[in-house]
Amino acid sequence: MTPQTLRDLLTKYQNGEATDDERMQVEAWYDTLDGEEEPALSASDKRAFIGQYWQQLAPQIAQTPTIRRMPMAFYRVAAAAVVLLCAGLGWYFLLNRSAQSGSDKMAAQSGQSQLIDKTNESGKPLQVALSDGSTITLQSGGRVQYPARFAGNRREVHLVGEAFFEVAKNPESPFLVYANGMVTKVLGTSFTIVAHAGKPTAEVVVRTGRVAVYRQTDNQTTTSDVVLKPNEKATFFRADSRIVKSLADHPVVLRPEAIKTHFVFDDTPIARVFRELDDVYGVNISFDEQALVNCTLTANLAHQSLQAQLDMICLSIGATYQTNGTHIRISGRGCL
């Protein structure tokens, strides 16, 4: 007899609603109760005892949870559901992990190809550091575009305006600057590019090392047109895609220590003076050594531009000079 059945029978018995058969079941249940052997009771006394016992037992029966045994089919279905759930969760985490991995990979690729666009609106030179250790000094109004991180075997930068580049050496990854239809290619050097938007020309001036200057085509760069050395300049004319090589407008001293030890001359043969200028600036100065053999110079040429130095030298020996491309030619009748 289940607790719920017993509860129903006792309720009917207590209320006088039980049938003869149900009363017999209740009394039979009474006879099975554990305890000490009791004297025989009359029917009225037995009814009273059961009523009293019911008052004590009813709350316990009400609080006793009903336990139902599930059929075996239920457990088989539940087991199958668990298997499917586990499989589904496995696929979910696998796909989610794959998706996450793909997202991470795309993010990494995006980081490599993401372009940084920077314009100098400060009114003074702006220092820009690149991921490879190279630096760009961007002049006011200039604009550069470059990847957040260089990838592959090319380091590419786009420039509008004027900037000075100091490129970290990496023979495995050439550094390319695209500016106003001109491409400057280096492995590691320093140079200045002037390429203002809308201007008919663009320029490259090399400070150290060597650079190659190309014409930029629609799809690729052509073979190198010009190779520049320090204090040399390439001018690109957009109208006819022509590149002209010349001496820098303001050649700089390539060996700063020379300022202290050179440029001070005391009755020095002019041939030696020109050779020292050639060495310090890295320029090609030619002259008729035989014609100028008797010429000497006493002067302090320190802290002056190359142009000012040549002017003073030529004035003192009665000569002139002419620049043709990257070559300087000295002419004069000589000294007595």
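Within the protein chain of this predicted model, confidence is lowest in helix H4, residues 72-113, at a mean of 42, and highest in strand E3, residues 135-138, at 96, where the score is pLDDT, the predictor's confidence in each residue from 0 to 100, and where helices (H or I, at least four residues) and strands (E, at least two) are DSSP runs numbered from the N terminus. Over residues 60-112 the pLDDT is below 50, and beyond near neighbours in sequence this stretch has 12 contacts in the model, a contact being heavy atoms within 4.5 Å. The mean for the protein chain is 76, with 66% of its residues reaching 70 or more.

As for conventions, residues are numbered from 1 along each chain as its sequence is written. Local features need pLDDT of at least 70 and side-chain atom pairs count only at pLDDT 80 or more, while totals for chains, interfaces and linings use all residues, and side-chain values use heavy atoms, with hydrogens and water left out.

Now the sheet. Three strands form an open sheet of mixed pairing in the order E15-E18-E17, two strands being paired if DSSP finds at least two bridges between them. Strand E15 (284-286) and strand E17 (319-324) each have a single partner strand and stand at the edges, so one side of each is left without a neighbour in the sheet. From one strand to the next, the twist averages 20°. Strands E17 and E18, the latter covering residues 327-332, run antiparallel and are joined by six bridges, and Thr 323 has Ile 328 as its bridge partner in E18. Helix H7, residues 306-317, lies across E17 and E18 and runs at about 145° to E17; the axes are lines fitted to C-alpha atoms, for helices over the stretch in contact, with angles from 0 to 180 degrees between N-to-C directions.

Asn 180 sits in the loop between strand E6 (175-179) and strand E7 (182-186), and its side chain reaches the backbone oxygen of His 196 at 3.5 Å and that of Lys 199 at 3.4 Å.

Finally, Thr 268, in strand E14 (residues 264-269), counts as buried at 7% relative accessibility.

Note on methods
Buried < 20%, exposed > 50% of the residue type's maximum accessible area, 1.4 Å probe, protein only. Polar contact = N/O pair within 3.5 Å; in protein donor to acceptor, adjacent residues only side chain to side chain.
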